[in-house]
Amino acid sequence: MVTKLHIITNESIELDDFCDHIEQNFDLSDRQQFLAAAPALRKLANNKELFRRAALQTLKAALDPDGFNIAPAYMILNDHRPSKFTVRANLWPALRPGAWQETRDIFSYDLKHDHTFTFLTANYFGPGYTTKVWVNPHAGLQAMKIGDIADLQYQGEFQLCDDTLLFFERFTDVHIQLPPVADSVSLNLVLRDPEETMYPQHAFETDSGKVVAYPNGSPLKNKLIFARLLATSDDPELADVLDWAAHKETSRVHREALLSAKDQILARAA
Ligand SMILES: [Fe+2]
């Protein structure tokens, strides 16, 4: 269930002070401690220099002919220091009528989805987005297959704004992001967990809990695409490698994809 936190403060802190404060005082794997970090994230969201600096870095990257690899949907703010968490600015453009579907896809608008990570989010700029939330009470550390049906229960519509922070738990909280009425930016504190690469993010049918896809961009999705490409080979040696990799793999979904690729190669080679 998404947790709504009402926090008002005019205080502001620097990014490194925020990171030090979180590293030294909070174990974000503990839900209560993560929630207790909300005032600090609100103070960071009051620091309007952050975005200026991050935007400048991104613009410089966009102007570098060798480094043109910008992500339009978000900017990582703390990649200058290793940490168990990520501070991320997410961009939420308002959409003009007739906006391309591609633009909607980049920002995951209208996509009913869960997340492979837990995060706390504060509004940073603009009016903030509105989101419809469902709860998957039976979600666990277990990938659902395409076609599986989750028992999603509608929790309601939430508006992110300056005095309202939202806390989303991985897999449990499912949402549809609606484009804001004016361009907005949110600031996320994201708990990084090496395990998150083992599980897919799920996309659901809009009107039900049916899993219809694994959205693009997640590490596991990339591995599954790679396994599908390997499956087109007719090299039996590659089938051996896939078998070896499958037995080392701890993610059930990835293991099954590797074994399926192996079977397809062997069937072709036979
Ligand atoms: Fe989301």
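Begin by selecting Gly128, which is buried because its relative accessible area is 4%; buried means under 20%, exposed over 50%, and partly exposed in between, with a 1.4 Å probe and protein chains only. The model on display is predicted, so local features need pLDDT of at least 70 and side-chain atom pairs count only at pLDDT 80 or more, while totals for chains, interfaces and linings use all residues. Residues are numbered from 1 along each chain as its sequence is written, and side-chain values use heavy atoms, with hydrogens and water left out.

Remain at Gly128, in the loop between strand S5 (119-125) and strand S6 (130-135). Helices (H or I, at least four residues) and strands (E, at least two) are DSSP runs, numbered from the N terminus. Beyond residues up to four places away in sequence, Gly128 touches Asn123, Gln159, Leu160, Pro180 and Ser184; contact means heavy atoms within 4.5 Å.

Next, select Ala182, in the loop between strand S9 (173-178) and strand S10 (184-191). Ala182 has a relative accessible area of 32% and is therefore partly exposed. With neighbours within four places in sequence set aside, Ala182 is in contact with Trp92, Ala94 and Pro127. A C-alpha to C-alpha line from Ala182 to Ala38 spans 24 Å, for a sequence separation of 144 residues.

Now turn to the iron ion. Which residues are its protein donors? They are His113, His115 and His175, each through NE2, at 2.1 to 2.2 Å from the ion. Donors are N, O and S atoms within 2.8 Å of the metal (3.2 Å for Na, K and Ca); water is not among the atoms, so sites may look incomplete. Along the chain, the donors follow the spacing H-x1-H-x59-H. His113 and His115 are both buried.

Proceed to helix H1 (residues 15-25) and helix H3 (residues 38-45), whose axes come within 10 Å and cross at roughly 170 degrees. H1 is therefore roughly antiparallel to H3. Axes are lines fitted to C-alpha atoms, for helices over the stretch in contact, and angles run from 0 to 180 degrees between N-to-C directions; those under 35 degrees count as roughly parallel, over 145 as roughly antiparallel, 65 to 115 as roughly perpendicular and the rest as oblique. To view the contact, show Leu15, Phe18, His21 and Ile22 in H1 together with Ala40, Leu41 and Leu44 in H3. This contact has 6 nonpolar, 1 polar and no charged residues. Ala, Val, Leu, Ile, Met, Phe, Trp, Tyr, Cys and Pro count as nonpolar, Asp, Glu, Lys and Arg as charged, and the others, Gly among them, as polar.

Then select Leu220 in helix H6 (residues 219-230). Is Leu220 buried or exposed? Leu220 counts as buried because its relative accessibility is 1%. Outside the four places on either side in sequence, Leu220 touches Thr197, Met198, Tyr199, Pro200, Ser251, Val253 and His254.

Finish with helix H7 (residues 236-248) and helix H8 (residues 252-269), which pack at an angle of about 160 degrees with their axes 9 Å apart. H7 is therefore roughly antiparallel to H8. Among the residues that meet are Leu238 and Leu242 in H7, and Leu258 and Ile265 in H8. The contact of H7 with H8 comprises 12 nonpolar, no polar and 3 charged residues.
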